[in-house]
Amino acid sequence: MKRIAVVEDEALMREELQSILEKAGYETEAVCDFTDPAAYLLDRSPDLVLLDLNLPGAGGFQICRDIKQKSAIPVLVLTSRDQMKDELTALNLGADEYLTKPCRRERLLARISNVLKRYEGRTNLLEGNGFLLDRQTYTMYINGQSVILPKNQGKLLEAFLVRDGRTATRQDLCRALWGTDEFIDENALQVNLTRLKKTMAGLGMKMHIEAVRGIGHRLADKGGEQ
Ligand code: CA
């Protein structure tokens, strides 16, 4: 059952939304504590976030930005703000849909169902600090844009991401690139690593590849131990 988080500070509206969603077969959970809702949502990792904009604390735009920078969770904004500039701001921050209140139940459910369908093929995403990598197409999602990596760079980045900060040995990297580690072509490996490093630097990424002496390489946050 798909799980939808309802981020709405008005209790009546929140209950009504939950009731609509539950009758339509969704599991729901409400966010009522607005201290750090983005962190809570990232931790809970629902299938979709239904997000109000006028909220106590940092507000809906900030929540949208935080979720979209750190995850591939779909966000549907449902707000009483009907200004074009608000809609554009939300969409620029990565919101997947923007609906204004009052919203007909059928419309809301149709949009939710659309967004969920759009995301269904997207379980192949690996997550790094500030970006996502689709391991099937080697498409990288970063800073609101998508970049298709050359296959070898994608394979290397995937090999680093699945290790989640642990060091990938030269054998690991050769296996990722060529499907075998029987012989290690140090030069070819270096060429591919250099290309990936250059791509990452060009995108201004928060992570980089660092050498681990005598062992291999790993993906780490820039600027020291974190
Ligand atoms: Ca509100």
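**Domain layout**

Domain bounds here come from an automatic or database domain assignment. On that basis the protein comprises domain 1 (3-120) and domain 2 (125-221). This is a predicted model, in which local features need pLDDT of at least 70 and side-chain atom pairs count only at pLDDT 80 or more, while totals for chains, interfaces and linings use all residues. Residues are numbered from 1 along each chain as its sequence is written, and side-chain values use heavy atoms, with hydrogens and water left out.

**The interface between the domains**

The centres of domain 1 and domain 2, taken over C-alpha atoms, are 33 Å apart. Domain 1 brings 4 residues to the contact and domain 2 brings 5 residues, where contact means heavy atoms within 4.5 Å.

About 280 Å² is buried between domain 1 and domain 2, and carbon and sulfur atoms give 50% of this area. Buried area is the accessible area (1.4 Å probe) that two parts lose on being put together, summed over both. Of the area that domain 1 buries against domain 2, 80% is supplied by Gln69, Lys70 and Ala72, more than by any other three residues.

**The calcium site**

Four protein residues are named as donors of the calcium ion: Asp9 (OD), Glu10 (OE), Asp52 (OD) and Asn54 (O), at 2.2 to 3.0 Å from it. Donors are N, O and S atoms within 2.8 Å of the metal (3.2 Å for Na, K and Ca); water is not among the atoms, so sites may look incomplete. The spacing of the donor residues in sequence is D-E-x41-D-x1-N.

Aspartate 9 and aspartate 52 link distant parts of the chain, 43 residues apart. Aspartate 9 lies in the loop between strand S1 (3-7) and helix H1 (11-23), and aspartate 52 in the loop between strand S3 (48-51) and helix H3 (60-70). Helices (H or I, at least four residues) and strands (E, at least two) are DSSP runs, numbered from the N terminus.

**Salt bridges and backbone features**

The structure holds 14 salt bridges. One of them joins the side chains of arginine 44 and glutamate 29 (3.0 Å, N to O). Arginine 44 belongs to helix H2 (residues 37-44) and glutamate 29 to strand S2 (residues 27-31), 15 residues apart.

Serine 45, in the loop between H2 and S3, has a positive phi near 50° in a residue other than glycine. Lysine 101 and proline 102 are joined by a cis peptide bond with omega about -5°; proline 102 is placed in the loop between strand S5 (97-100) and helix H5 (105-120).

Definitions and conventions. Salt bridge = Lys/Arg side-chain N within 4 Å of Asp/Glu carboxyl O.
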